[in-house]
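Student: I have a structure open and would like to learn how to read it. Could you take me through a few features?

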There are 2 protein chains.
Amino acid sequence: MTENTLMNHQIVLNSRPNGAPTPDNFRAQSTPVPMPASGQVLLRTLYLSLDPYMRGRMSDAASYAAAVGIGEVMVGAVVARVEASQHPGYRVGDLVLANTGWQKFALSDTNDLIRLDADLAQPSLALGVLGMPGFTAYMGLLDIGQPKAGDTVVVAAASGAVGSVVGQIAKIKGCRVVGLAGGAEKCAYVVNELGFDACIDHRSPDFAQALATACAKGIDVYFESVGGAVFDAVLPLLNTGARIPVCGLIAHYNDTALPPGPDRLSLLTRTLLIKRIKMQGFIIFDDYGHRYDEFFTQMSKWVADGRIKFKEDIVDGLENAPQAFIGLLEGRNFGKLIVRVTKD
Amino acid sequence: MTENTLMNHQIVLNSRPNGAPTPDNFRAQSTPVPMPASGQVLLRTLYLSLDPYMRGRMSDAASYAAAVGIGEVMVGAVVARVEASQHPGYRVGDLVLANTGWQKFALSDTNDLIRLDADLAQPSLALGVLGMPGFTAYMGLLDIGQPKAGDTVVVAAASGAVGSVVGQIAKIKGCRVVGLAGGAEKCAYVVNELGFDACIDHRSPDFAQALATACAKGIDVYFESVGGAVFDAVLPLLNTGARIPVCGLIAHYNDTALPPGPDRLSLLTRTLLIKRIKMQGFIIFDDYGHRYDEFFTQMSKWVADGRIKFKEDIVDGLENAPQAFIGLLEGRNFGKLIVRVTKD
């Protein structure tokens, strides 16, 4: 290797966003690649996952995880190869899932690494259908949503990394599945490729009416990852005994203040009461980490059998991660958004 | 019996309330006592239960049960004796739990009757600690709230029929229990008689601060029956993984419009998400009717052993039911509110 290739490229948090993130909230920097000490490995990032939750880490408001500090490398899950090892359990070339964030190289003491099959045909799947988003879909729908055959299941962000899997599992369980997505192209994909029964464009002016028509028997499970106007349209359609797993609220991540009134907090609690609804937030690895193996075994089989399909939206080059992430919050991606950081 | 005693006295819904109910929403009327046809029994009401849910039945807004029609007898659970029987399974003098509402006499086809021990020492308990309110407390806390030893459990309306039982069960389960009640007298009762660890007066000007002080480790279970300013004070204190059973929202029953903004609906859903909270409404007999026997056996034992205490607020005379009910919605009762309709 030349000295050039041993420079590490990183994207750090340059400033905290006020509302939607902008490119100047991020800063690229280069530093020498560090060498592993005893017990460490040096990882080379192949794929970086971009996910909506990262918006929360850019703020210092209280959330479920610590904020990224100004000047610190942006957080994120990656698929990486061991480039150099001073750890007896890892060899150069090993493939791992790591949490080393938006950078080309990183040291790891290996404690939080998950080993992947070194010959995995499509290692980026470990960031999508076989990783955190798929796991979120699986546990949120099956454990909190408790879908029964014949239930109507409504899935926000239906063409996305989580929603696409939620809907397909619900179909396997015999439910009627209605997706919500932004634009005709995504809706067509959701119905024609993923096999949902219907998909409503949440940007269309008659969205609420179209959703009501598609859910003639009401909604038994609403898988929430969006909030905002989508939730407003869902709320009056919820059936008695409905279940609402909440894994995200992307419509609110850029909020700088609460919207104007009236204050509908009591409308929501009253709806939960009179319709006996369960609404439950969850953070996948915190709440269900102990069931990852169960998920991975089942989902690998569904994927191998062609019962769960997926779509990746791959962006080349770490330098393009900030723009891709900004687009993700605006719904501009189509499929699981992943940055190819270095070719394998 | 003279003809006088064979007149039935009833309280019917005279008009729908706009906000808080007023006496003219009710009307007393007398009609001849009907005679049972074959398969029927005539019931004489001993005790009528007054409960907050009845406010919902006075409105024709959508709720979990049908509204009482104008001119119809107000609904409610009663303890009654069989006065005359044309049903082979019931004899004069049998004691039953019935749903015959605000009247002295009523016919029943016996389908929804629950038989009580004819010699029950205190039959009114079947409307309180051993009836719907106690059952609501038991299942809501244990099944939805899932209290663990050491948890901090906060109980709204802590001196009331449901809250008093919730807190005492939570103490049996080893929790730290903080009650909320209106006024110094109720708070003293909750701590000194019921054994809660603390009780905060929700009318005091520094209520939110006092609650925060009493819940130094945050709140793991909040048993909700109130809403309004009480919930507002609870919301920021909820711990990660908290559970919120919702059995009522008495602060909102008289609302005629949503309060002014900002709109905090997304604040609530965001809190559920980032703290991984479960919030669940329930209607006791609809959701848990199949577990009534389990409840009754356990609660009877706790009451007999003196581990669950209770207080009744008994009002004499059916004609006083409207004023007593209006007072219930304002928190003027102290203990389970019951109308003694006829002396046994």
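**Reading the model together**

Student: Which residues does Arg115(B) touch, not counting residues up to four places away in sequence?

Tutor: Contact means heavy atoms within 4.5 Å. By that rule, Arg115(B) touches Gly89(B), Tyr90(B), Asp94(B), Leu95(B) and Val96(B). A word on the ground rules: this is a predicted model, where local features need pLDDT of at least 70, side-chain atom pairs count only at pLDDT 80 or more, and totals for chains, interfaces and linings use all residues. Residues are numbered from 1 along each chain as its sequence is written, chains are lettered from A and ligands numbered from 1 in the order in which they are written, and side-chain values use heavy atoms, with hydrogens and water left out.

Student: What does the side chain of Arg115(B) reach at 2.7 Å?

Tutor: Look for polar contacts, which are pairs of N or O atoms within 3.5 Å; within protein, one must be able to donate a hydrogen and the other to accept it, and residues adjacent in sequence count only if both atoms are side-chain atoms. Here the Arg115(B) side chain reaches the backbone oxygen of Gly89(B) at 2.7 Å. It also makes a polar contact with the side chain of Asp94(B), at 3.3 Å. Arg115(B) and Asp94(B) are 21 residues apart in sequence, yet 7.8 Å apart in space, C-alpha to C-alpha.

Student: Is helix α3 of chain B largely enclosed or open, and why?

Tutor: Helices are DSSP runs (H or I, at least four residues), strands too (E, at least two), numbered from the N terminus. Buried means under 20% relative accessible area, exposed over 50%, partly exposed in between (1.4 Å probe, protein chains only). Helix α3 (residues 163-172) of chain B is largely enclosed by the rest of the structure because 8 of its 10 residues are buried. Among them are Val165(B), Val166(B) and Ile169(B). The buried residues pack against several elements of chain B, including α2 (132-145) and α9 (292-304). Just after α3(B), Gly174(B) takes a positive phi of about 85°.

Student: How are chains A and B related?

Tutor: Two copies of a chain are related by a rotation about an axis and a shift along it. Copies are superposed by least squares on the C-alpha atoms of residues with pLDDT of at least 70 in both. In this case, a rotation of 180° with 0.0 Å of shift along its axis puts chain B on chain A, with an RMSD of 0.0 Å. That is the relation of a two-fold axis. Of the residues of chain B, Gly261(B) comes closest to that axis, at 1.6 Å (C-alpha).
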